[in-house]
Amino acid sequence: MLLNQFLLLAAVLFCLGVYGVITRKNGVMVLMSIEMILNAVNINLVAFGAFNGTPIGSVFALFVIAVAAAEVGIGLAIVLLIYRNKKSIDFSEVDILKG
Amino acid sequence: MISLIAQITTGDDLLVAQNIFWWFFALVTVLAGIKVVTTDNIVHAALYLVIVLAGVAVQFVFLGSEFAAVTQVLVYIGAIVVLLLFGIMLTRGSLGDDQLVDTERRGMGALVALLLFGLMAFSLVDGFEDVVLPEDTRNLIEVEVPIDTDIDDDEFIRTQRGSDTAAIGDTIFESYIVPFEAVSVLLLAALIGAVVIARKE
Amino acid sequence: MDFSAALPVADVVAFNRPAIDWHAASPELILLGFGALLTLVDVIFLDRAKQYTAALAGIGLLVTMVPILTLANDMSETGPRVMFDGAYVIDEFSLIMKAIFILSGYVVILLSTNYIAEGDYWESEYYGLMLSAILGMVVMASSRDLISIFVAFELLSIPSYMLATWKKRSLESNEAGLKYYLMGVFASAIMLYGMSLLFGASGETILTKVNASLSSDPLTGESLSSSTPVLTLAVIFVIVGFAFKVSAAPFHNWAPDTYSGAPIPVTAFLAVASKIAGFVALVQLVFVGFYARADVFQPLMWILAAASMIIGNLIALRQTDIVRLMAYSGVAQAGFILAPLAVAGDVGDQALASIVSYLAIYAAMNLGAFAVILAAARKTGSTSIESMNGLFSYAPGLAVAMTIFMFALAGIPPLGGWFAKFQIFFAVVEQGGTWAIILGVLLAVNSVIALYYYASVARRIWADQAPDGDLTPIRIPPSLGAALVLTVVATLVFGFLPGAVSQFTDVGLIAGG
């Protein structure tokens, strides 16, 4: 197998994620797009690790996964808080401001 | 790029089978990824994301990193997506599908994504063209091999490809203790903060 | 795949226990210990603990200064302490930055004490998160490894996202937090993609080894000119990720909204400590990780620096809210700090020294300005620029302090800012190339533009009438007063005795390990 087939697959996922971040208005949807970018990163890391024959690639990917879990957790806590506050103010404006 | 296609048609049977499977899973992953960023239904988007994440786990298996693959399934699909679904249910359950996508930005988004992909593909092909992965993509690990089974002490160390799980553990605790401890503080802080932010007063 | 080569049973070589220099790690361990103690005290004593948490956090930071001073004292004998093969380094640069982080963290805790206790906030958790963010910064100052930099970056960012949201009932604060969070997470994902390419190019995460493999092919010893596009891509992605963190234009959009929505002490924390941490990471990457590829990072830094100065200053001119004004002034100052990085390949020592001095002075000036804004808002309840009108007529002390900070920010001698700007200017001009001279001219022009809006704030304080003629004085609680005194003294000392700063900041190139 070629190294590039993995890297190009990761590049496709990365660009799909960037497209999602630009076009999505909803915070949770933006978060999903960012998760795709992080997965592209992980494919890159593990592929380069396999290419170099070192476990560092997998180790880096594991750190990325652990941090992603923490990020998603607090992201949803913030979304929940906004939902609760907005519901009492104006239900039609639940759409969250966009970057 | 040409050699990428050439590699599918040549090579031995095992390699051909491996490549057919690889292209199948890659295609499924990309198609599901397109649906994640285009679908109008937020729950569907989360479910398509599961397919993308599973596809990435399959890529890890292709790359011989089974520990990363298992973690991907456990943490990403088992925890993060479930968390996302909970978030969706708790906030948008009663709402319709309207206004999830900013249609005005679609053209710009597509343009940026395509330009970016062109740039990245050019750089990657330029930098890693025809670089072939080793046939056995598992990690290089050092093992002690007994020369003579009668004498236990007399061993020599050789490098070979092997399972990465033990090597990952050793690497984390030999070279990456500082980030490991920092991640544990990070997870605790995220836990405490998320509880405070999400709880009702 | 042929797996038959794998031997059936073989023992993996035994685990090598890494050597840990406990003295070098003690600042981090003490900070960690106080963070855990704070959480435990909160859990055990519940509401009774509230009145002690701020003091405990402050004491924790001051105790952490002790090992930093002893390490600095030993530095002349032992030299830089290197752990984990160069992944974690304690050198002069890292000790100075750790001291800046801890002292500015201490000032932020002084600012928070009354603000958080009097508002509708969760108190103990606030200080716990603050300490863990500061721990992330302290770890960042020593990290010379891609994984450590990434994890330290997240450890300082994730508590900040939550602190920006801490005013739970205010929708503004919530949206400030969400905007900051989404931008931050997106930026760190971009940065990670760049890091994955850097890792791929070298097969290593330690910055010195990354640098070695960027400069020459490990096998043939030739320059890797053929893969320049990949390296350029990697460097661009990593730098763009950090440009978000330091709010450099064109990646600054989140800063004004987040700063004006977040609680004011948290804004001060984001604008000072968190931003400096972004610069520390950038400096380490540029001076240790990419130093061999000045041809790649210098043009990028030039663009970021010029865009940040121009955009930040021009938008700052028409702000009506003092916090938003500080946000855009922060964007412009980010441009100033990035400017020496655009010439770092040629005048490395001087560029590094000027950045370190600017960061130290930047922390004092900006924390001070936020302390005055906080104090004034205690009476007026607003952060609009009009609320500063006639400050001198009812709070002369605050008025003098604010004037000092505004003129220091504008770079008027003999206050702290002039020395910082002067050094940056000379480091840039020293390089002497056409582009460096253009950047020098931009620095000078932008200093003049900035003078206009800083001076207009000072004019309001002294010349205008107080709103509604209300001349009741502002009651300043002791902790806020202490913060004001500390920052005023630091700003004056840095201005009158620049030798005192440069003696510490002349650190030479960072030890790579």
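How many residues of chain C are in contact with chain A? Select both chains and you'll find 30 residues of chain C in contact with 33 residues of chain A, where contact is defined as C-beta atoms, placed from the backbone, lying within 7 Å.

Before going on, some housekeeping: this is a predicted model, in which local features need pLDDT of at least 70, side-chain atom pairs count only at pLDDT 80 or more, and totals for chains, interfaces and linings use all residues. Residues are numbered from 1 along each chain as its sequence is written, while chains are lettered from A and ligands numbered from 1 in the order in which they are written.

**Chain C against chain A**

Stay on the side of chain C that touches chain A and color α5 (146-164) and α6 (171-202), each of which supplies at least two residues there. Helices here are DSSP runs of H or I with at least four residues, strands are runs of E with at least two, and both are numbered from the N terminus. The biggest giver on this side is α6(C), with 18 residues. Color by class and this side of chain C shows 18 nonpolar, 7 polar and 5 charged residues.

Now pick Glu172(C), which is in helix α6 of chain C. Glu172(C) counts as exposed because it has 12 C-beta neighbours inside 10 Å. The cut-offs: buried needs 20 or more other C-beta atoms within 10 Å of the residue's own, exposed means 12 or fewer, and partly exposed is in between, with C-beta atoms placed from the backbone.

**All of chain C**

Zoom out to chain C, with its 19 helices and 3 strands. Its radius of gyration is 23 Å, close to the 24 Å that the globule rule gives for 513 residues, so chain C is as compact as a globular protein of that length. The radius is taken over C-alpha atoms, and the rule is 2.2 Å times the number of residues to the power 0.38. Draw a box along the principal axes and the C-alpha atoms of chain C fill roughly 85 × 65 × 45 Å. Of the 513 residues, 62% count as buried. Among contacts in chain C between residues at least 6 apart in sequence, 80% join residues at least 24 apart.

Next, select α4 of chain C, residues 123-142. Because 19 of its 20 residues are buried, α4(C) is largely enclosed by the rest of the structure. The expected span is 1.5 Å times one less than the number of residues.

Most residues other than glycine have a negative phi, and most peptide bonds are trans.

- Go to Phe84(C), in the loop between β2 (81-83) and β3 (88-90) of chain C. Its phi is positive, about 50°, although it is not a glycine. Phe84(C) is buried, with 21 other C-beta atoms within 10 Å.
- Move to Ser247(C), in the loop between α8 and α9 of chain C. Ser247(C) has a positive phi of about 50° too, although it is not a glycine. With 28 C-beta neighbours inside 10 Å, Ser247(C) counts as buried.
- Click Pro250(C), in the loop between α8 (228-245) and α9 (254-261). The peptide bond from Ala249(C) to Pro250(C) is cis, with omega near 0°.

**Chains A and B**

Show chains A and B together: their contact takes 64 residues from chain A and 78 residues from chain B. On chain A's side, α1 (3-23), α2 (27-52) and α3 (56-87) each supply at least two residues, and α3(A) gives the most, with 22. This side of chain A has 46 nonpolar, 13 polar and 5 charged residues.

Hide everything but chain B and trace its 7 helices and 2 strands, which run α-α-α-α-α-β-β-α-α from the N terminus. Of its 201 residues, 32% count as buried.

Finish by coloring on pLDDT, the predictor's confidence in each residue, from 0 to 100. Chain A has a mean of 85, and 87% of its residues reach 70 or more. Over residues 89-99 of chain A, pLDDT is below 50. Chain B has a mean of 80, with 73% of its residues at 70 or more; there, pLDDT is below 50 over residues 94-98.

Key:
Two residues are in contact if their C-beta atoms, placed from the backbone, lie within 7 Å. Ala, Val, Leu, Ile, Met, Phe, Trp, Tyr, Cys and Pro count as nonpolar, Asp, Glu, Lys and Arg as charged, and the others, Gly among them, as polar.
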